[in-house]
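Good morning, everyone, and thank you for making time for this.

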Amino acid sequence: MKTLVLFYSTYGHIWKMAEAVAEGARQVGGNEVVIKRVPETLPQAILDQIGATEAQKAFAHVPVATIEELTDYDAIILGVPTRYGNMCGQIQSFWDGTGGLWAKGALIGKVGGVFASTATQHGGQETTIRAAHTLMLHHGFVIVGLPYAWQGQMNIAEITGGSPYGASTITGGQGERMPSENELEGARFQGRHTAEIASKLAR
């Protein structure tokens with residue numbers, strides 16, 4: 001079985017979550033886990049202007065995925081930063097190119113999940129995840145979320161992301177907050193849970 005953790009990250013928050021998702025997915029026996037990123041669409045001048053260039057060096061070694069390789073995986077878990085309550089343009093642009101796969105039904109029956117980040121507690125984590133679920137459903141994915149079996153999403157002792165729709169993190173308005181241990185644990189749980197379901201379907 002093969003699982004792809006596919007992400008876009010501007011300042012490294014989703015990259016940290018992707019690592020945790022992959023860590024959880026690797027706990028399922030016989031599962032080969034691959035982490036890849038989607039192509040950057042912003043010009044270098046803009047990345048420099050918003051202060052992302054230095055941050056992105058931390059995951060510059062991660063290979064860029066191709067649309068054609070999506071058929072190689074049994075499960076795809078998508079890491080999506082939020083932009084105005086919706087998916088960032090980089091993720092949308094990548095999936096806009098999958099029309100050929102859709103026409104052939106090439107992704108039908110694969111297992112899909114989504115994790116996200118927002119600057120604020122109410123910045124659109126759930127709407128972003130649900131938007132990504134919609135595109136996966138159009139491709140015929142079996143959607144897996146983050147069930148309440150992971151009790152960390154009930155935590156009210158601290159600010160935390162996570163919902164039944166998927167793991168998430170809150171970055172702060174200036175990107176100053178990296179994922180907490182509770183949020184990373186939610187990501188690990190989602191990675192493991194998604195891979196377990198994919199494994200059952202593969203059998």
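Helices (H or I, at least four residues) and strands (E, at least two) are DSSP runs, numbered from the N terminus. What we have here is a predicted model, in which local features need pLDDT of at least 70 and side-chain atom pairs count only at pLDDT 80 or more, while totals for chains, interfaces and linings use all residues. Residues are numbered from 1 along each chain as its sequence is written, and side-chain values use heavy atoms, with hydrogens and water left out.

The UniProt record, an unreviewed entry, places "domain: Flavodoxin-like" at residues 3–194; such positions are in the numbering used here, feature names are shortened, and annotations may be inferred rather than shown by experiment. The span 3–194 is 34% helix and 18% strand, and its end C-alpha atoms lie 9 Å apart.

Let us turn to helix 1, which has 13 residues and reaches 19 Å from its first C-alpha to its last, close to the 18 Å expected at 1.5 Å a residue (the expected span is 1.5 Å times one less than the number of residues).

Ser 163 counts as buried because its relative accessible area is 6%. Leaving aside its neighbours within four places in sequence, Ser 163 is in contact (heavy atoms within 4.5 Å) with Glu 126, Leu 146 and Gln 153.

Finally, the pockets. On a 1 Å grid over the protein atoms alone, a pocket is an open set of points where a 1.4 Å probe fits, with protein on both sides within 12 Å along at least five of seven lines, and lining residues have an atom within 4 Å of a point. The largest pocket is lined by 20 residues, of which Tyr 11, Thr 82, Arg 83, Ala 119 and Thr 171 lie nearest its centre. Helix 1 (13–25), strand 3 (75–83) and strand 5 (111–118) are the elements that give two or more residues to this lining, and the largest share, 3 residues, comes from strand 3.

Note on methods. Buried means under 20% relative accessible area, exposed over 50%, partly exposed in between (1.4 Å probe, protein chains only).
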